[in-house]
Amino acid sequence: MSLALAHLRVCDLGGQLAGAGATKILAAFGAEVIRVEDPASNGLWDALRGVGPYVDGRRGVNLGAGFNNHNVGKFGVTINLRLEAGKQLLRELVAVSDIVCENFAAGVLAKMGFGYEELCRVKPDIIYVSNCGFGHTGPYRNFKTWGPIVQALSGLTFTAGLPDTEPAGWGFSYMDHIAAYYMTTAILAAVHHRECTGEGQHIDLASVPGGIAMLPTEVLDWTVNNRRGRPHGNQADFSEMAPHGIYPCVGEDRWIAIACRDDREVALLSKVLDEPELVSDRFSALGQRLAACDELDALVGACTRKCEADSLAVELAAAGVPVSVVKSPRERIEEDPDVAAWDLFPKVTHPEIGAVRVEGLPLRMSATPWSIGRAAPCLGEHNHDVLGGLLGRTDEELDELTKQGVI
């Protein structure tokens with residue numbers, strides 16, 4: 001089967017999750033993605049390169065599993081953009097590329113001499129994608145962001161956590177993934193536009209609005225009702241269901257998620273749990289259940305904590321109650337037959353890390369499926385392949401460029 005994007009070459013100056021996540025998707029569909037990094041930064045141009053998780057006690061710029069996960073299928077070169085010889089190499093790489101991606105802070109690449117106008121002089125139909133916290137326009141364009149900052153600014157932190165406690169936010173930057181998905185979509189739209197018109201363009205993408213897009217109901221509630229959201233833990237967002245939560249089961253750290261949409265499902269839950277109190281007069285309608293939500297959750301939890309999570313989930317699902325075990329990583333990754341059927345965690349062999357799982361893509365395409373078969377590049381791993389084979393530098397020239405600190 002053909003790879004849908006095999007006709008595209010991407011010069012990838014991005015990193016972290018937002019930039020690397022988008023080009024990982026392009027690479028999985030066959031695009032030739034060339035990851036450009038700095039040889040003098042010891043691999044820390046991308047902060048993920050040398051950080052955990054790790055497969056063993058070894059540490060180093062090529063051993064970060066997060067970097068490997070987000071850069072599978074790519075080629076890797078090192079180019080020192082502080083030197084004119086390095087800038088010339090990048091110009092040559094841009095000249096033979098279809099797309100240039102970066103997620104530096106706004107204006108950083110332009111100060112190096114590689115803004116959109118400069119790139120157009122190198123390749124008139126180039127598609128240039130910049131991805132940062134606030135984009136390249138507006139009053140906040142010069143602010144620098146990181147995952148927790150984007151969460152706070154976008155409003156996500158305000159809505160997360162337990163009732164009557166401080167907002168919690170998340171330790172992980174989910175907005176980076178959202179920005180990567182938007183970035184992928186925008187690139188494909190720009191490629192289609194160029195194929196129709198011959199015209200490239202600049203895609204200016206911002207992660208903070210990407211975070212805002214993750215809470216549209218809260219935005220709507222404020223806009224329509226002038227009502228601010230609140231952290232509500234596992235309760236339903238707009239009091240549309242009860243019970244709706246996570247409940248304890250037999251065993252250490254074993255939990256089950258239950259969401260009852262109407263009176264009928266509450267009755268089914270009552271029958272499976274053998275707890276008639278759930279359908280007593282005080283819980284007979286949604287309004288009453290919401291008014292006594294804490295009491296209702298305590299009653300459900302008292303029943304579930306006597307049950308084994310897996311068997312209870314099977315019984316409730318068979319009865320027609322929306323339910324799931326709160327799965328541990330082992331259960332989800334190692335034991336779930338659905339994950340295996342989708343091949344969501346393919347294995348790649350990294351030259352230094354060894355054989356490891358990476359995240360696949362949660363979709364199937366009958367004519368142009370994705371493919372992940374090559375691990376992320378070690379720092380500068382493909383300098384000879386790309387700078388020599390693609391750009392035509394001889395081995396002697398590459399050796400000299402290495403001595404000069406250009407690559």
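Two strands count as paired if DSSP finds at least two bridges between them. Strands (E, at least two residues) and helices (H or I, at least four) are DSSP runs, numbered from the N terminus. In these terms, V36 has V77 in β3 as its bridge partner.

The structure is a predicted model, in which local features need pLDDT of at least 70 and side-chain atom pairs count only at pLDDT 80 or more, while totals for chains, interfaces and linings use all residues. Residues are numbered from 1 along each chain as its sequence is written, and side-chain values use heavy atoms, with hydrogens and water left out.

**Overall**

The protein has 407 residues, of which 47% are buried (under 20% relative accessible area, 1.4 Å probe, protein chains only). Its secondary structure comprises 18 helices and 11 strands. The C-alpha trace spans about 85 × 45 × 40 Å along its principal axes. Taking contact as heavy atoms within 4.5 Å, 68% of the contacts between residues at least 6 apart in sequence join residues at least 24 apart.

**Parallel sheet**

Six strands form an open sheet with parallel pairing, in the order β3-β2-β1-β4-β5-β6. Its edge strands, β3 (75–78) and β6 (201–206), each pair on one side only. From one strand to the next the twist averages 20 degrees; axes are lines fitted to C-alpha atoms, for helices over the stretch in contact, and angles run from 0 to 180 degrees between N-to-C directions. Helix α1 packs on this sheet and touches β1 (9–13), β2, β4 (99–102) and β5 (127–132). Helix α3 lies across β1, β2 and β4. Strand β2 (residues 32–37) pairs with β3 in the parallel sense over 4 bridges.

**Antiparallel sheet**

A further open sheet has 3 strands in the order β7-β8-β9, with antiparallel pairing. The edge strands here are β7 (244–248) and β9 (323–325), each pairing on one side only. Neighbouring strands are turned by 20 degrees against each other on average, direction ignored. Between β7 and β8 (residues 255–259) the antiparallel pairing runs over 5 bridges, and G245 stands opposite I258 in β8. Helix α13 lies across β7 and β8.

| α1 | residues 18–28 | β1 | about 165 degrees |

Conventions: Buried < 20%, exposed > 50% of the residue type's maximum accessible area, 1.4 Å probe, protein only.
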